[in-house]
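Dear colleague,

I am handing over the structure below, and after it you will find my notes on what turned up in it. Please read them with the model open beside you.

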Amino acid sequence: MGSLALDTRHLVWGPPGSAPDERALRLLGQALAEVLTGRRPPETVADRLTDQAYRELLRAGRMLDTRRPPFAAVPRVTEPADGVVEMCVLLHCGERSHVLAVRLERRGVQWLVTDFETA
């Protein structure tokens, strides 16, 4: 398992319009970064992604080549529409940092990653 354990509960927040928990989002960004650096198996985050996003994560494989484990900073979070959260997370990886952008959409009371990009 990766260096940080994800909360075993799904990403769930209160009624529509409630603010997301930034700590949970940072831990999700950390877990995705660990998958993208090959330090965490992708199946550990499968329940937090849509099927399509999970297939993209598997296809991406080890995208980030780092000597040190990544460290996700506090995410910048926006809510462009009701039921949509987008976050941008700076990943400190030693000599070079990377950025991870993640889009989550509310499905019932659960939030799922629907898309991600990294550079």
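Cys88 is partly exposed, because its relative accessible area is 35% and that class lies between buried, under 20%, and exposed, over 50%, with a 1.4 Å probe and protein chains only. Cys93, at 5% relative accessibility, counts as buried. A search of the whole structure finds 0 disulfides, a disulfide being a pair of cysteine sulfur atoms within 2.5 Å.

Before going further, please keep in mind that this is a predicted model, in which local features need pLDDT of at least 70 and side-chain atom pairs count only at pLDDT 80 or more, while totals for chains, interfaces and linings use all residues. Residues are numbered from 1 along each chain as its sequence is written, and side-chain values use heavy atoms, with hydrogens and water left out.

Strand β2 (residues 76-81) pairs with strand β3 (residues 84-93) in the antiparallel sense over 4 bridges; helices (H or I, at least four residues) and strands (E, at least two) are DSSP runs numbered from the N terminus, and two strands pair if DSSP finds at least two bridges between them. The two strands form a hairpin with 2 residues between them, and in the turn Gly83 has a positive phi of about 85°.

Cys93 is also among the residues touched by His98, as are Leu64 and Thr118, not counting residues up to four places away in sequence; contact here means heavy atoms within 4.5 Å. His98 itself sits in strand β4 and is buried, with a relative accessible area of 7%. A polar atom of the His98 side chain lies 3.2 Å from the backbone oxygen of Ala119.

Turning to helix α2 (residues 51-60), its buried residues are Ala53, Tyr54 and Leu57. Seen down the axis of α2, these fall within an arc of 100°, so they line one face of the helix, the arc being that of the directions from the helix axis to the C-beta atoms. They pack against α1 (22-36) and β5 (110-118), whereas on the other side of α2 Asp51, Gln52 and Arg59 are exposed. Just after α2, Gly61 takes a positive phi of about 60°.

Notes. Polar contact = N/O pair within 3.5 Å; in protein donor to acceptor, adjacent residues only side chain to side chain.
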